[in-house]
Amino acid sequence: MGVEKPNKPSWIFTSYYKCEGYDMQMRNMITDKFSKTTSLLLIATFALALAGTVSAAEPLPTGDNGLPEFIEGDTLKTMTFFLFFVGYIAMGAAFVFFMSERNNVAPQYRTTMTISALIVGIAAFHYYYMRGVYADWGEVSVEYRYMDWIITVPLMALKFPTLIGKDAITDKKVAGLGFTGICFTGALIMIGFGYAGEAGLMNAIPALLLGGMGWAMIVVATGTPWSDGLGVDNSKIAPELMWSANALRWFIVVGWIIYPLGYLFSPEVGLIEVDNGAEYMAVAYNIADIINKIGFGVVAWMGAKKATEALAASE
């Protein structure tokens with residue numbers, strides 16, 4: 001007859017679970033602190049980089065009001081300068097906001113917030129340089145513009161799946177390319193041919209049409225506000241994210257149309273010949289960037305917050 005083993009005192013189990021709960025709480029605190037520290041470091045790095053970037057060129061004369069003399073009395077040039085200035089301030093402010101809000105959404109949506117911050121942060125750097133070129137030399141820089149777009153436009157297209165979730169992305173492929181491949185390739189085609197047309201590397205009209213094909217690839221992959229995309233199954237998008245998903249599609253389908261309108265005014269393109277065509281082009285591009293890049297991020301943030309609230313309510 002075996003000897004019955006004595007049961008362990010209940011205080012042992014109580015202590016064990018208390019320790020486990022304490023360890024879990026400590027891990028969560030450390031993770032949260034690390035995320036906040038990372039966000040603050042990125043914000044500080046961004047601010048220092050802008051503060052430390054000073055043009056070595058001899059600027060054009062400035063007036064008594066501190067503004068470049070060449071914009072005085074010229075409404076279009078004043079608006080161009082104003083939008084360059086507002087562009088980099090607004091993008092920088094959006095970067096700080098998205099990084100600050102990153103820790104206020106569920107972990108699965110933090111990548112979306114990080115990409116949103118990267119888009120406007122990269123754009124702020126380039127707008128700072130473009131404003132400097134315009135203020136110092138009176139020139140609208142095409143090169144800095146396309147340096148920005150070649151990075152930020154693919155990020156804008158690739159942010160879509162980070163918000164709606166991988167379950168909503170289909171396995172359909174075209175020429176061996178899935179959703180990510182189609183969006184990334186389409187963005188490169190759109191920006192590459194746009195630059196080729198504006199830099200005079202090829203005829204402007206074929207460049208515009210070929211660039212439009214890249215835009216169409218992204219639209220086909222992500223879908224429209226009234227239809228599924230080749231790479232997206234609307235039925236698998238969470239209800240609380242559906243509004244944001246369709247809003248992002250509106251930006252891609254309608255908001256991006258502003259860019260080819262600006263392209264028409266490019267002096268090198270010359271499809272619409274007017275005095276100060278570069279300024280008309282810059283105004284169109286700047287307005288489009290401010291609306292699309294910041295708006296894209298705000299819509300994604302709204303969806304992430306709504307989804308986070310839904311997750312918290314279901315627990």
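Author: Let us start with a single side chain, bearing in mind that the model is predicted. Tyr 129 has a relative accessible area of 35% and is classed as partly exposed.

Reader: How do you know whether Tyr 128 is buried or exposed?

Author: The relative accessibility of Tyr 128 is 16%, and because buried means under 20%, Tyr 128 counts as buried.

Reader: What makes the pair of Tyr 128 and Tyr 129 stacked, tilted or edge-to-face?

Author: A pair of aromatic rings is described by the distance of the centres and the angle of the planes. For Tyr 128 and Tyr 129 the ring centres are 6.2 Å apart, which is within the 6.5 Å required of a pair, and the planes stand at 85°, which is over 60 degrees, so the pair is edge-to-face. Ring pairs also join Tyr 128 and Tyr 129 with Phe 85, Tyr 88 and Tyr 144 in a cluster, and a search of the whole structure gives 18 aromatic pairs.

Reader: What makes α6 and α7 parallel or antiparallel to each other?

Author: Helix α6 (residues 204–222) and helix α7 (residues 239–253) pack at an angle of about 165°, with their axes 10 Å apart. Because angles over 145 degrees count as roughly antiparallel, α6 and α7 are roughly antiparallel to each other. The crossing in which α6 passes α7 is left-handed. On the side of α6 the contact is made by Trp 215, Ile 218, Val 219 and Thr 222, and on the side of α7 by Arg 249, Ile 252 and Val 253; by class, this contact has 5 nonpolar, 1 polar and 1 charged residues.

Reader: How do you know the relative direction of α7 and α9?

Author: The axes of α7 and α9 are 8 Å apart and pack at an angle of about 170°; this is over 145 degrees, which makes α7 roughly antiparallel to α9. Among the residues that make the contact are Trp 243, Leu 248 and Phe 251 of α7, and Ile 291, Phe 296 and Met 302 of α9. By class, the contact of α7 with α9 has 13 nonpolar, 4 polar and 2 charged residues.

Reader: What makes Ala 207 buried or exposed?

Author: Ala 207, which lies in helix α6, has a relative accessibility of 0%, and because this is under 20%, Ala 207 counts as buried. Leaving aside residues up to four places away in sequence, Ala 207 touches Phe 193, Gly 197, Met 202 and Tyr 263. The C-alpha atoms of Ala 207 and Gly 192, which are 15 residues apart along the chain, are separated by 8.8 Å.

Reader: Why is Ala 175 called exposed, and where is the place of Ala 175?

Author: The relative accessible area of Ala 175 is 81%, which is over 50%, so Ala 175 is exposed. Ala 175 is placed in the loop between α4 (142–164) and α5 (179–198), and has a positive phi of about 55° although it is not a glycine.

Reader: What makes Asn 276 partly exposed?

Author: Asn 276 has a relative accessible area of 31%, between the limits of 20% and 50%, and is therefore partly exposed. Asn 276 lies in the loop between α8 and α9, and its phi is near 60°, a positive value in a residue other than glycine.

Definitions and conventions:
Residues are numbered from 1 along each chain as its sequence is written. This is a predicted model: local features need pLDDT of at least 70, side-chain atom pairs count only at pLDDT 80 or more; totals for chains, interfaces and linings use all residues. Side-chain values use heavy atoms; hydrogens and water are left out. Axes are lines fitted to C-alpha atoms, for helices over the stretch in contact, and angles run from 0 to 180 degrees between N-to-C directions. Helices (H or I, at least four residues) and strands (E, at least two) are DSSP runs, numbered from the N terminus. Angles under 35 degrees count as roughly parallel, over 145 as roughly antiparallel, 65 to 115 as roughly perpendicular and the rest as oblique. A crossing is left-handed if the near helix is turned anticlockwise from the far one by less than a right angle, and right-handed if clockwise. Contact means heavy atoms within 4.5 Å. Ala, Val, Leu, Ile, Met, Phe, Trp, Tyr, Cys and Pro count as nonpolar, Asp, Glu, Lys and Arg as charged, and the others, Gly among them, as polar. Rings of Phe, Tyr and Trp (its six-membered ring) pair if their centres lie within 6.5 Å; planes under 30 degrees apart count as stacked, over 60 as edge-to-face and the rest as tilted. Buried means under 20% relative accessible area, exposed over 50%, partly exposed in between (1.4 Å probe, protein chains only).
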